[in-house]
Amino acid sequence: MQIQIDLNAVARCRKSAAAIADPVQAFVERHSTVSVERSILRLLGVDGVGPNDTPVPNVIVESLDAAELAAGVAIPFGRALVETGLEPRELGERLANGGAVLAQFKSVSQEAARRAIIASARAAFDRILARRGERNDLMHERPQLPPPLLYMIVASGNIYEDRTAAVAAAEAGAQIIAVIRSTGQSLLDFVPYGPTTEGFGGTYATQANFAIVREALDEASRRLGRYVMLTNYASGLCMPEIAAMAALERLDMLLNDSMYGILFRDINMKRTFVDQHFSRKLNAASGIIINTGEDNYLTTADAVEQAPAVLASQFINEELAHRAGMPGRQIGLGDAYEIDPNLEDGFLFEVAQAQLARQIFPDSPLKYMPPTKHMTGDIFKGHLIDAMFNLTSVMTGQTIHLCGILTEAIHTPFLGDRALSLENARYVMRTARHFGDDVIPKPGGRIERRAADVLSECEVLLERVAARGLMASIKAGVFADVKRSPDGGRGFDGVFERAPDYWNPFEELLS
Amino acid sequence: MIKPYGDTLDDGKVQLSFTLPVPWSEAADEAARQLVVKMGFADVQVAEGRAIAENFSFFVVYAATPQSIDFESLAVPSVKTHKMSMEEIDALLEERVGRRVRVAGACIGTDAHTVGIDAILNMKGYQGDYGLERYKMFETFNLGSQVSVEDLVRFTKEKKIDALLASQVVTQKGSDVKNFTALVELLEADGLRDNVILCCGGPRMTSLLATELGYDAGFGRGTLPSEVAAFIATRMPHRAG
């Protein structure tokens with residue numbers, strides 16, 4: 001399917017997005033965060049927990065005073081590596097258990113420390129590349145079914161139940177499995193450790209949990225003859241750490257948005273901008289596809305009104321991801337099917353928006369979210385709305401398709417609910433597989449006019465944000481009617497200015 | 001007395017669907033049938049039985065229940081007041097209370113989903129119905145997500161809150177009920193329970209559940225801000241004198 005869109009307007013939107021990204025990028029390059037520093041330690045091999053179950057990377061970063069931290073954790077940790085001769089993991093445990101403090105190794109030269117860290121960092125980088133190569137090989141041997149890739153969530157709070165549900169969903173046709181996180185994990189300033197057996201509304205993202213589901217899905221992939229992807233959430237206060245863990249455990253996708261946490265979780269904007277950048281650099285290297293969170297604009301406000309904001313956010317997410325070295329094929333921009341089912345021609349508006357994104361971001365594996373806001377206890381109606389969503393997705397060539405579930409408004413999906421949802425999607429996508437190839441929306445008709453309106457309003461919005469600056473615009477409530485101040489929100493105390501001798505060993509490797 | 005209606009009065013027909021953790025086979029169909037008979041149903045027909053994964057089968061079953069309910073004898077509270085506009089509510093409060101009513105709302109416990117409380121409190125509201133922030137006669141405090149019940153009770157005391165809205169979107173394993181109960185208990189322990197109009201909200205909330213939990217009202221999915229506003233306005237005590 002093709003609709004007429006004003007390509008000059010698209011070019012102007014991209015220019016505005018670049019102007020919006022410039023000052024953000026300048027800020028990012030002058031700062032780091034505690035989460036970035038902890039992810040450096042995790043990449044070097046530090047793991048485990050110390051007293052009170054505090055993760056070792058947290059204990060080490062917290063042991064540095066502000067002046068020391070401003071130069072980064074790498075050099076002090078490198079000095080300790082040289083002096084003790086320990087491997088990073090053992091050294092981390094010793095530091096966490098009080099067997100040593102970083103301050104005692106100050107006599108080791110900076111050069112020696114740097115050499116020790118570079119050796120470990122290269123090894124870590126090679127591990128990431130090896131996992132990426134492994135994914136490429138597996139996907140080559142066992143190709144996925146054609147897109148839209150059916151994406152299914154599991155969320156029991158117990159990783160072993162999640163594993164069962166994940167395998168059952170894969171058998172029922174799911175091609176991507178997401179383990180929903182325990183509610184509130186985005187607001188924790190640490191990553192929990194070990195396998196989870198009790199969570200609320202989901203299961204903690206931990207490296208152990210990643211490995212458990214990865215192994216089960218690899219086994220299912222072998223049996224089914226098609227590669228089943230695994231995804232999680234690099235959002236909240238620990239974006240770079242989750243990205244590091246995901247790279248090491250060969251996750252295939254991560255939710256990773258440049259503004260979601262700011263707007264919808266009240267996480268400090270400076271923290272988020274710095275964290276999203278480093279996490280995306282890691283994702284670029286590990287070959288992980290990011291999913292952005294534009295669907296959230298639609299669940300909290302009117303979907304027809306918010307359409308230009310969705311497109312504007314897609315442009316900004318794309319630009320910031322490019323700045324972190326991500327190619328278009330790894331940037332899964334988000335959208336959702338959330339227009340009020342009582343609105344006449346709402347379906348046409350949905351097609352317009354989905355097709356607009358498809359044409360503006362041709363390389364992006366677009367992520368399409370199902371209806372949630374207008375789902376009710378009437379599961380029969382819900383199943384019908386989901387079918388219209390499925391049709392929109394296949395006819396506009398969306399890539400990552402989050403299957404809508406008829407019991408969305410009632411409970412965390414039952415195993416049977418997921419199977420019904422997958423059957424719905426498979427039926428609609430089979431029966432209408434090439435519909436989009438064979439229809440041409442009427443030139444100047446309702447779909448084209450709607451797409452043109454959304455694009456032109458988006459252009460105005462981006463110009464306004466570029467003129468005012470992104471941080472000031474968020475402060476003024478331009479996005480989703482939510483106002484956030486640059487120094488407010490959670491996690492601001494974990495942002496710091498880099499000293500002139502600041503060093504992050506992975507920045508060079510990842511560039 | 002009433003029974004479910006299929007196509008004839010009192011036929012008692014219901015539909016059920018469920019999953020059994022076994023690979024599908026004729027025996028699985030029979031297991032589904034016997035299970036529904038054990039539930040007390042008669043005339044059980046397994047309309048559909050099939051595999052939905054290697055080790056799971058799904059069933060659609062029609063059956064008739066012998067049970068009935070004495071509808072006339074039921075007493076169910078309803079908090080729905082007659083529909084009032086924002087202007088009417090402001091006018092009512094101006095006349096009856098004569099000062100701005102202080103309303104605090106929060107997503108309690110570990111719940112980070114503020115969509116419900118935001119829809120009620122934020123200026124913009126929900127489905128074209130303005131939120132309480134927009135009312136002249138409400139002073140609102142949206143405390144956001146993951147507010148501990150201790151913090152909420154402390155805030156209620158400090159700010160002399162008139163109406164408290166507690167929200168829980170996540171309902172898995174009854175976490176909502178636990179948190180709602182903890183809030184009531186703490187308010188009672190602090191002697192504050194009778195000083196506030198206490199409301200709870202969430203996707204599964206009903207008036208009946210709210211009453212059982214010790215709340216003045218409960219608001220479920222699809223609630224408009226004006227419904228909450230009208231409830232508060234009609235429950236606010238008249239000003240002295």
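Colleague: Which elements do the buried residues of helix 15 of chain A pack against?

Modeller: In this predicted model, 11 of the 15 residues of helix 15 of chain A are buried, so the helix is largely enclosed by the rest of the structure. Among the buried residues are A:Phe349, A:Val351, A:Leu356 and A:Ile360, together with A:Glu350 and A:Arg358. The elements they pack against are helix 1 (7-30), helix 14, strand 8 (334-336), strand 9 (367-369), helix 16 (379-395) and helix 19 (446-468) of chain A.

Colleague: How far apart are the end C-alpha atoms of helix 15 of chain A?

Modeller: Helix 15 of chain A runs over residues 346-360, and at 1.5 Å a residue its 15 residues should span 21 Å. The separation of its end C-alpha atoms agrees with that expectation, because the value in the model is 21 Å.

Colleague: What covers the buried residues of helix 8 of chain A?

Modeller: Helix 8 of chain A has 10 of its 13 residues buried, so this helix is largely enclosed by the rest of the structure. The buried residues include A:Ile159, A:Asp162, A:Arg163 and A:Val167. Their cover draws on both chains, and it includes strand 2 (42-53) and strand 3 (56-64) of chain B together with strand 2, strand 3 (176-179), helix 9 (207-224) and helix 17 of chain A.

Colleague: Which helix of chain A supplies the largest share of the side that touches chain B?

Modeller: The contact between the chains involves 23 residues of chain A and 22 residues of chain B. On the side of chain A, helix 8 (159-171), helix 13 (295-300) and helix 17 (415-431) each supply at least two residues. By class, that side has nine nonpolar, 10 polar and four charged residues. Its largest share, three residues, comes from helix 17 of chain A.

Colleague: Is A:Tyr151 buried or exposed?

Modeller: A:Tyr151 lies in strand 2 (residues 149-154) of chain A, and beyond its neighbours within four places in sequence it is in contact with A:Ile176, A:Ala178, A:Ile400, A:His401, A:Leu402 and A:Cys403. A residue needs 20 or more other C-beta atoms within 10 Å to be classed in this way. Because A:Tyr151 has 25 C-beta neighbours inside 10 Å, it counts as buried.

Colleague: Which residues touch the most other members of the largest nonpolar core?

Modeller: This core holds 174 residues, and helix 14 (residues 303-323) of chain A gives the largest share of it, 10 residues. A second, separate core has 47 residues, including B:Ala104, B:Ile108, B:Val196 and B:Phe219. Within the core of 174 residues, the members that touch the most others are A:Ile177, A:Ile242 and A:Leu254.

Colleague: What radius of gyration does chain B have?

Modeller: The C-alpha atoms of chain B fill a box of roughly 75 × 40 × 35 Å along the principal axes, and 38% of its 241 residues count as buried. A compact globule of 241 residues would have a radius of gyration near 18 Å, whereas the value for chain B is 23 Å.

Colleague: What distance separates the centres of domain 1 and domain 2 of chain B?

Modeller: The secondary structure of chain B comes to seven helices and eight strands. The domain assignment places domain 1 at 13-64 and domain 2 at 86-235. Taken over C-alpha atoms, the centres of these two domains of chain B are separated by 42 Å.

Key. Residues numbered from 1 in each chain as written. Chains lettered and ligands numbered in written order. Predicted model: local features only at pLDDT ≥ 70, side-chain atom pairs only at ≥ 80, totals over all residues. Core = buried A, V, L, I, M, F, W, Y, C linked by C-beta atoms within 7 Å. Buried ≥ 20, exposed ≤ 12 C-beta atoms within 10 Å, placed from the backbone. Helix = DSSP H or I, 4+ residues; strand = E, 2+ residues; numbered from the N terminus. Domains from an automatic or database assignment. Contact = placed C-beta atoms within 7 Å. Nonpolar A, V, L, I, M, F, W, Y, C, P; charged D, E, K, R; others polar. Rg over C-alpha atoms; globule rule 2.2 N^0.38 Å. Expected span 1.5 Å × (residues − 1).
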